Each structure stands twice: as structure tokens, then as C-alpha cells.
Amino acid sequence: MSIAQQFHHLQTRLQECWEGTETFVPELPKGPGGIERDIVVVPSLSFPQPELAKITGYTHYEERQLYTLIQLRNPRTRMIYITSQPLHPSIIDYYLDLLPGVPTSHARDRLLLLATYDRSDKPLTAKILERPRLVERIRQALRPNQAYMVCFNSTPLERELAVTLGIPLYSTDPDLLYWGTKAGSRELFAAAGIPHPVGSGFLATVSELVQAIAHLQAKYPHLHRLVVKLNEAFSGEGNALLDLTQVRPTTSPTDPAHLQRLENSLADMRFQAPNETWDSYRQRFITLGGIVEAFIDGSQKRSPSVQGRITPDGRVEIISTHEQLLNEPEGQIFIGCEFPAHADYRHQLQDLGRTAGTYLAQQGVIGYYGLDFVATFDADQQAWELAAIEINLRKGGTTHPFMTLQFLTDGHYELESGLFYSKHRRPKFYIASDNLCQPQYRGLLPNDLLDMIARYHLHFDSSTETGTVFHLMGALSEFGKLGLVSIGNTPEEAQAIYTQTIGVLDAAAL
């Protein structure tokens with residue numbers, strides 16, 4: 001059988017392996033019908049390396065899935081967590097100390113940490129596959145009929161590793177990844193009746209891009225700005241803004257002279273990735289392809305999103321909504337999020353997210369997905385209008401803060417209110433960021449951060465279920481970069497904790 005055929009056969013076991021592992025239910029029986037499971041965590045960012053290189057400290061983003069260690073609160077769960085480089089012991093201690101009601105030593109005995117000792121730019125999954133002895137060690141540690149694998153995003157590499165280990169993968173079949181590209185997203189929005197900006201389908205060449213821009217100019221002469229997007233990019237770093245006001249057609253939009261002016265204007269686009277130029281962007285566009293669509297303007301503008309999950313048996317579950325925090329002034333690059341999204345359109349987000357999830361499930365997609373939107377306020381209608389701009393078929397920047405909250409509080413998301421409640425029925429709110437960067441943070445070791453957390457009481461308090469949980473600690477010393485999730489019982493409390501935490505860190509690091 002081919003790798004694809006073996007993979008499909010393995011996936012038939014996924015439902016039994018996955019059921020019950022993402023919530024702690026101690027009364028479930030032990031055995032095949034219960035929740036005794038082995039989870040293999042492969043936090044590989046399997047994206048084109050030039051796109052990842054735009055993200056400061058991306059080599060440490062393998063740490064973002066350390067929230068999965070909180071699943072060790074279930075005393076029947078065992079976990080194997082693999083990284084490119086060994087993780088600092090203090091980072092592991094920090095996460096295991098978050099586990100309520102479970103001795104740290106007991107959780108540690110059920111955790112196997114492995115590393116490839118490879119700092120190259122290759123995806124982690126590729127590094128693992130290149131080391132047959134490491135693969136064999138993983139296989140030997142597993143109970144195959146009780147194990148499954150999770151990843152950040154699935155590609156043929158993750159599929160091959162799952163087949164090599166002989167365990168199913170809780171993620172999208174790589175053959176279906178088209179629906180998570182920019183062109184695939186637009187096709188799904190059109191097919192499912194989800195509002196989205198006017199724009200093009202997939203464009204394979206610069207010539208096709210120019211022709212598509214000219215077509216949009218002819219059909220929508222009121223357009224002032226367009227956004228060009230690489231078909232497979234990360235965190236908005238593959239976007240570029242084109243100002244159309246300087247290249248209005250003097251005759252026909254399809255006139256060769258005008259098309260040449262349009263092509264020349266591409267060099268003046270506002271690229272969102274640092275140090276990007278038209279020469280470098282052009283090469284990636286030729287390699288990856290892309291789309292172009294209208295840039296949505298508005299005097300009041302927000303960037304909400306909705307997250308869902310398609311279970312192995314095809315059920316579609318809405319699990320969260322967020323307000324995305326984007327860079328200023330362009331608002332194209334993700335830097336953090338607030339939970340939940342505004343009540344003005346929270347339920348509409350849920351409905352549109354379910355519509356998209358149902359369509360994805362019909363195509364055979366499983367695992368986590370998210371939809372990003374632009375919300376603008378219509379003063380005449382006194383209402384917010386939503387336009388979908390992207391689908392992510394992977395864990396995103398909103399996944400780890402929400403799952404951290406869920407695993408820590410053993411709570412649930414309530415569709416009726418669009419709020420999250422802990423098991424004590426407290427509503428929970430948070431602000432999260434992966435991009436807390438300060439020059440004075442450079443040189444700080446994980447132990448230095450832990451000293452600050454203890455000294456200034458910045459830790460998460462399990463009794464009140466409030467406080468801050470940190471991640472990306474490994475990026476501190478080299479890049480001065482840190483991630484955090486500040487959790488409160490009200491939006492105001494979450495904001496206060498977030499602001500106070502950053503203020504204390506900034507002052508203490510000097």
C-alpha cells in the first residue's frame with residue numbers, strides 16, 4: 001500500500017484513540033473504552049522556510065504547544081513531546097507545576113522528552129524522519145492501539161511520520177490542505193455563501209496577478225487599495241498592500257500600457273514582512289502563487305475570528321471567538337488576541353464558523369480550523385458587517401491560549417452566551433500575545449523569568465483561576481521575545497493583569 005493508503009487505514013482508529021482525551025473525566029473506566037492514552041506531540045512548523053524566517057525567534061515556536069502538558073493532569077495519560085533542541089528543565093517544571101491535583105513527579109514519570117539536537121531550518125518532522133533510531137525509540141515507548149499523534153500543521157511529512165510510527169494523526173489529511181490556502185478559502189466562502197471581499201481566484205504568475213488587478217479596477221472603479229497574498233503564508237507576513245490611486249487607467253484597464261504601469265507599481269507595494277522587497281516577494285509569488293482581493297476600509301474596523309473543531313466522527317464544534325490584535329497601522333500581521341469576540345457579532349461569528357466547518361467536514365477535514373474576518377461598522381444600518389478573509393486548517397495563534405484556559409480550569413465554552421465558564425461557573429476572559437518583545441529582555445534565562453514570576457506574584461493562581469501563564473521562554477535570551485496569556489474573571493481584570501504583568505517585567509528586566 002502507498003503511504004496515503006496506509007494513512008487512511010490508520011485514521012479509522014482515530015476516534016477510539018482520541019475520545020475523551022481533551023477533557024478530564026476521572027470517572028471514565030480504564031481500558032479501550034476509557035481515556036488511557038499515549039499522545040505524541042510533534043510541534044513542527046512545517047511551512048516554507050522563507051516564510052517562517054520572517055518571524056522573530058520562530059525556532060522556539062515549538063514551545064507554543066507545551067500547553068498540551070497540562071493534559072497530564074489525567075493520571076492515565078502518557079505523553080511524548082519532541083523538539084529540535086532540548087527544552088530547559090525549568091520550562092518543563094513551570095508547566096508541570098500548573099497541574100491541579102497531580103503531583104509533579106507523577107506527571108513527569110508519564111512524560112518522555114526527546115530532541116533531534118538539530119538547529120537547522122528544516123521542519124522538525126523532517127528531522128525526526130531522518131533519524132531512524134529516534135523513530136524506533138518513539139515507537140518502542142508507545143502502546144500502538146492507545147496512541148495518536150498531534151501536530152501544529154499537517155503536511156505529507158506529518159502523514160509519513162504517523163504511518164512510520166503506526167499511529168493515527170489528529171489533524172487534516174494533507175490531501176485536503178487546499179481548503180486552508182488563500183485561494184481555497186475564497187472558493188469555500190463562495191460555495192458556502194459566506195460574505196467575503198471581492199477578489200481573484202488562484203494566480204500562478206505575476207502576469208496573472210496584473211491581469212486580475214486590471215479586472216478588479218474595471219469592475220470596481222471605486223476600489224482604492226488591494227491586498228496581494230501569497231497562497232501559503234503565516235501570520236499575515238505574506239501580505240502586501242497596493243495603492244490603486246496612483247495607477248488609474250487613462251483608457252481601458254486592459255490597455256497594454258496600463259498593464260505595464262500596474263506591473264511597475266508592484267515594486268511600490270507596502271510589504272508587511274520586515275526587509276521584504278519586490279524582488280524577494282516576486283520569487284515567492286512565482287513559487288507559491290497567490291490571490292488579490294479588495295482591502296476593506298472603515299472608520300470603525302475590527303479583526304474578529306472564530307475557531308472550531310471537527311471531531312474524528314465528523315461533528316462540528318465551535319470552541320471560541322476572539323478579537324485579533326494586529327500590527328499598526330496596516331493591520332495585517334497577527335500579534336495577539338482577546339477572548340471572547342465582541343457581543344455585537346459573537347453569535348454571527350459562531351454561525352458562519354459552523355457553516356464553514358460543515359462544508360469542511362463534508363470534504364473530509366478533521367481537526368482544528370479557524371476563520372478570520374474583518375468587521376466594519378455601517379453607520380446607516382447601525383450594525384457591524386463581517387467579511388471572511390482566511391481559513392486556517394491548523395492550530396493558530398488563538399489555539400494555545402484557549403486550550404491553556406480550558407485545560408487549567410476544566411471549563412467549557414457556552415454557545416448561548418459565547419462565553420467560557422470554568423468548572424466553578426466563573427466566566428473567564430483573557431488577553432494573549434506571542435510578541436512581547438523588549439531589548440532589555442535579551443540575555444534573560446528561563447530561571448531569571450521564573451524568579452520575576454515568583455518575586456512579583458505574576459503566576460497563575462488556581463484558587464481564583466486568574467493570573468498569567470507564560471510561553472516562548474526559550475526565545476527570551478537570544479531574541480528578547482516572550483508570550484503570555486493573562487486570564488481574569490472580567491475583561492477589565494484580564495486587561496489589568498496583562499498591563500500590570502508587562503509593566504512589572506519591563507521594570508524588573510532593566
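Predicted model: local features only at pLDDT ≥ 70, side-chain atom pairs only at ≥ 80, totals over all residues.
The chain is divided into three parts by the domain assignment, with domain 1 covering residues 3–171, domain 2 covering 198–294 and domain 3 covering 410–509. Although domain 1 and domain 3 are listed at separate stretches of the chain, they touch each other, and the contact takes 17 residues from domain 1 and 20 residues from domain 3. The C-alpha centres of these two domains lie 24 Å apart.

The size of an interface is often given as the accessible area lost when the parts come together. For domain 1 and domain 3 that buried area is about 1,600 Å², and carbon and sulfur atoms give 59% of it. A salt bridge can be found where the side chains of arginine 64 and aspartate 434 meet, at 2.4 Å from N to O.

Turning to helix H9, which spans residues 182–192, its buried residues are Lys182, Ala183, Gly184, Ser185, Arg186, Leu188 and Phe189. These buried residues pack against several other elements, namely strand S5 (225–230), strand S8 (290–294), helix H13 (346–363), strand S13 (367–378) and strand S14 (383–392). After H9 comes glycine 193, and the phi angle of this glycine is positive, near 75°.

Methods
Residues numbered from 1 in each chain as written. Heavy atoms only, no water. Domains from an automatic or database assignment. Contact = heavy atoms within 4.5 Å. Buried area = accessible area lost by both parts, 1.4 Å probe. Salt bridge = Lys/Arg side-chain N within 4 Å of Asp/Glu carboxyl O. Buried < 20%, exposed > 50% of the residue type's maximum accessible area, 1.4 Å probe, protein only. Helix = DSSP H or I, 4+ residues; strand = E, 2+ residues; numbered from the N terminus.
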